[in-house]
Amino acid sequence: MVLCVNALESAIKAKLGVPPDERKLQLRDLLTQVRSQFPDLNEFDGDKIRALRDKRNQLVHYGFSPKDDRECAVLLLDVGLPFLNLCYKTMYDFYLDWHEIRPGITTFDKLTSAEMSKAGLVPDVAEQLGFIMYIYKSANGKEGFNPEHSFYAFIHFIRMHLKQSAMSQSEMNSLEDAESRGIQYDNETKLKNGLERLFHDTCNLDCPICYGIGTMIVELDENSLSEGDIAPDRCGCVRCGFVVGRGASYISKVLLATQMVESRERLLKEFGLTDRG
Ligand SMILES: [Zn+2]
């Protein structure tokens with residue numbers, strides 16, 4: 001959250017041409033100035049931005065503890081990221097998520113090179129940011145939901161990529177050789193069989209975290225099935241170890257939404273249901 005507010009401050013200072021050694025201007029002053037130049041920024045709730053700024057100042061001056069996690073998660077998801085995105089769009093015609101550059105485009109490579117240069121995050125990371133925001137929007141306010149859970153998949157994504165980037169060339173070569181691939185396939189098959197025994201009414205989808213093909217074993221929600229519909233419940237990836245347990249199906253619903261739509265007809269047929277949709 002602190003980094004997000006710092007990014008916000010830097011973006012505004014750069015737009016206003018504030019020199020790097022100017023330390024008297026506070027975020028409050030910067031916001032007043034930039035809002036007079038870009039009235040669209042006034043649409044964002046000022047009280048929320050004040051709460052974000054106050055919390056950032058508290059963390060910077062007095063430190064933080066895990067007790068701050070929930071409040072920081074809400075401020076980041078409700079205020080920090082949306083307002084930073086709005087500032088980038090309004091002031092620089094620059095977008096965190098490439099989907100917003102030309103709404104309706106379904107793949108990044110359909111953008112022109114000029115449009116691609118306006119994208120802030122690489123597509124894989126933009127997709128993860130989308131997951132965070134959709135999980136929060138779809139589950140916020142529901143019983144048992146903790147806003148920190150919005151970051152659950154993203155944390156796994158970061159851990160997995162850190163692990164990969166820390167590998168030596170010889171480790172990567174070992175993973176690539178035919179014998180290792182055979183061992184990996186055998187292990188994944190064993191895990192798949194185990195999960196399919198544990199879960200009821202399963203289907204295999206691609207993992208949205210490690211991109212393993214068919215490595216995500218998904219248990220379909222029994223209530224939906226009894227009503228003649230399909231929806232994911234718990235799931236687990238046999239390649240990267242990402243798991244969503246029962247009671248957190250709001251995460252699998254967001255992560256697997258696109259694939260569920262694409263596979264809907266096939267799955268309805270497999271489970272002997274007819275499409276009522
Ligand atoms: Zn995976």
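User: How many of the residues of strand S3 are buried?

Analyst: In this predicted model, strand S3 covers residues 232-237. A residue is called buried if 20 or more other C-beta atoms lie within 10 Å of its own. Strand S3 is mostly covered, and the count of its buried residues is 6 of 6.

User: What is the order of the strands in the open sheet?

Analyst: The protein has 12 helices and 4 strands. The open sheet is made of 4 strands with antiparallel pairing. In general, strands of a sheet pair through backbone hydrogen bonds. The order is S1-S2-S3-S4.

User: Which strands stand at the edges of the sheet?

Analyst: An edge strand here has a single partner strand, so one side of it is left without a neighbour in the sheet. This applies to two strands, residues 202-205 and residues 243-244. They are S1 and S4.

User: Over how many bridges do S2 and S3 pair?

Analyst: Strand S2 spans residues 216-220 and runs antiparallel to S3. The number of bridges between S2 and S3 is 4.

User: Which residue in S4 is the bridge partner of Cys235?

Analyst: Strands S3 and S4 pair in the antiparallel sense over 2 bridges. Cys235 has its bridge partner in S4, and that partner is Val244.

User: Which residue in the turn of the S3 and S4 hairpin has a positive phi?

Analyst: S3 and S4 form a hairpin with 5 residues between them. In the turn, a positive phi of about 80 degrees belongs to Gly241.

How values were computed:
Residues numbered from 1 in each chain as written. Predicted model: local features only at pLDDT ≥ 70, side-chain atom pairs only at ≥ 80, totals over all residues. Pairing = 2+ DSSP bridges. Buried ≥ 20, exposed ≤ 12 C-beta atoms within 10 Å, placed from the backbone.
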